[in-house]
Amino acid sequence: MQTLEADVVIVGAGVIGAAIARELSRHHLNVVVLEKEADVSGGGSTKANTGIVHAGFDAQPGTLKAKFNVLGVKYFEEMCAELDVSLKMNGTLVVATAKDKMEHLEVLLERGKENGVPDLEIIGPRRLLEMEPHINPKAAGALYAPGAGIVCPYGLTIALAENAVENGARVFLSQRVTDIVVRDGQVRQVVTPELRINTPFVVNAAGLHSDEIARLVGQDDFHIIPRKGEYYLFDKRFGKLANHPLFPVPTEVSKGILVTPTVDGNLLIGPNAQNIEDKDDTSTTVDGLDEVLRGALDTMPDLPLREWIINFAGLRTVASPGNDFILGPIPSVKGFINAAGIQSPGLTAAPAIAVFIKDTLREEGLELKAKPSFKPVRRGIPQFENMSPQERREAIAQDPAYGRIVCRCETVTEAEIVRAIHSPIPATNIDAIKRRTRAGMGRCQAGFCTPRMMAILSRELGVPQEEITKKGGSSRYVLGQTKDLLLEKQG
Ligand SMILES: Cc1cc2nc3c(=O)[nH]c(=O)nc-3n(C[C@H](O)[C@H](O)[C@H](O)COP(=O)(O)OP(=O)(O)OC[C@H]3O[C@@H](n4cnc5c(N)ncnc54)[C@H](O)[C@@H]3O)c2cc1C
């Protein structure tokens, strides 16, 4: 057991924990992030969501969701430029697929105005069809929000966390927080199976498990309900069927089933919304996927149904009671700050929540001294696929590994994979490489490139292939050589 010192410990490295870490790394502080999974954004809501940077008309006025959505979206262009993260501010459309749904668009327009969302307008069917030629021809109109967009949620999170590390924060992966020591009403220590960290401040950014972290310090006034959302991802050839995220008119519990391009060029449909009990259940279901198809077909009847490449599910972090973000200190324990229950629009709200948590820490007594050496700019791994022919020649001349394609579907080279493995938060498993390079994200879904990525990981980490995992822990691909296993079995 190792003992460390920190000014602040952040529990959880989803988008919220990562954004807070980066914000705090602007200051002379000893910041530690603890994540139970083997990668940042590897565990909770951040790794599987729709990736919309919401304009802010959906949340009820007066809620924290509405406030931090509208504040958060303002950071995106500058933040993504600094962090070398792809962002497309292409606007969103809420589509009324029948005349009687137009009334609800007026409600959303008024709500948006009340929340302070600029430039919202209701457009008629002709303009809608010009903007979206594949939309349901019966659509009567749409609410257009030009100040919204799309981003890669885990790409952003990795970039935020890497930039925090480049500025001095420490991220410890595969470290599940199991205890928080409180003495005389004050946070003293955070405990994982391998670490004891002495600290006066803990930020609870544990997403789906934020209620369990709160209970470690005796806060028992909320619990988290996982709400599952299932998706279909379509081949990149169909990414251009939609030019904007297309929402239906929302329901009581969700913004409805979208048809949306992703920032990486795929087409995505989903999510449905189903409350469940198991916080680890990200399975997809026949009924759920049917619901997603029906919803998406109402918006876009000519969806190429045979061209999807994968289904997946994400879990929303719904806080009960309240159904809102839980932000700030608690009266009973000094030094314990919640950034808990962050459901949608949490991705959009993340940069604003990070600033709020920093200000809260200051109010609670943390000394914040700006660090003039803070570097806001982080560079991602140059992607061979997006290079011009001249850039490709130069990249290969500098590093011949750029000339060896590993993932044929997404045109990812060995050089990119090696750089991911040696990046500021090293990718030490296959999913972590995928999230950083897109190797394995294409049509064959890693069927061809997994063995090659395993060989590169094994070589670069200096470990046998039997130790290479999909996502850390016991998720190994191979158990040993067949010959050895047979001999073992025969005794
Ligand atoms: C289906 C779906 C669609 C969504 N769509 C959008 C959208 O389009 N736009 C938008 O703005 N928002 C969207 N959201 C919401 C957004 O994804 C979340 O609000 C956001 O990702 C929450 O981030 P987080 O860091 O709080 O939680 P998480 O991403 O869940 O991160 C929490 C982290 O804490 C770790 N952790 C938990 N317990 C411990 C422990 N004991 N010790 C150490 N680490 C621990 C977890 O492993 C995890 O990595 C969507 C969410 C879902 C599920």
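In which loop is the place of Pro-321? In this predicted model, Pro-321 is found in the loop between strand 20 and strand 21 (326-330), where helices (H or I, at least four residues) and strands (E, at least two) are DSSP runs numbered from the N terminus. Residues are numbered from 1 along each chain as its sequence is written. Because the model is predicted, local features need pLDDT of at least 70 and side-chain atom pairs count only at pLDDT 80 or more, while totals for chains, interfaces and linings use all residues.

Pro-321 is joined to Ser-320 by a cis peptide bond, with omega about 0 degrees. A cis peptide bond also joins Ser-344 and Pro-345, with omega about 10 degrees, and Pro-345 is located in the loop between strand 22 (333-340) and helix 9.

The shell around the ligand includes residues from strand 20 and helix 9 as well: the elements that give two or more residues to it are helix 1 (15-24), strand 20 (308-320) and helix 9 (346-363), and strand 20 provides the largest share, four residues. Of the 41 residues around the ligand, those that come nearest are Gly-14, Gly-43, Gly-44, Gly-207 and Gly-346, a residue being near a molecule or strand if its C-beta atom, placed from the backbone, lies within 6 Å of it. By class, the shell comprises 16 nonpolar, 20 polar and five charged residues, with Ala, Val, Leu, Ile, Met, Phe, Trp, Tyr, Cys and Pro counted as nonpolar, Asp, Glu, Lys and Arg as charged, and the others, Gly among them, as polar.

Asp-184, although not a glycine, has a positive phi of about 50 degrees, and its place is in the loop between strand 11 (179-183) and strand 12 (186-191). Asp-184 counts as exposed, with 6 C-beta neighbours inside 10 Å; a residue is buried if 20 or more other C-beta atoms, placed from the backbone, lie within 10 Å of its own, exposed if 12 or fewer, and partly exposed in between.

Not counting residues up to four places away in sequence, Ile-20 touches Ile-10, Val-203, Ala-205, Ala-339, Ala-354 and Ile-357, contact requiring C-beta atoms, placed from the backbone, within 7 Å.

How values were computed. Contact = placed C-beta atoms within 7 Å.
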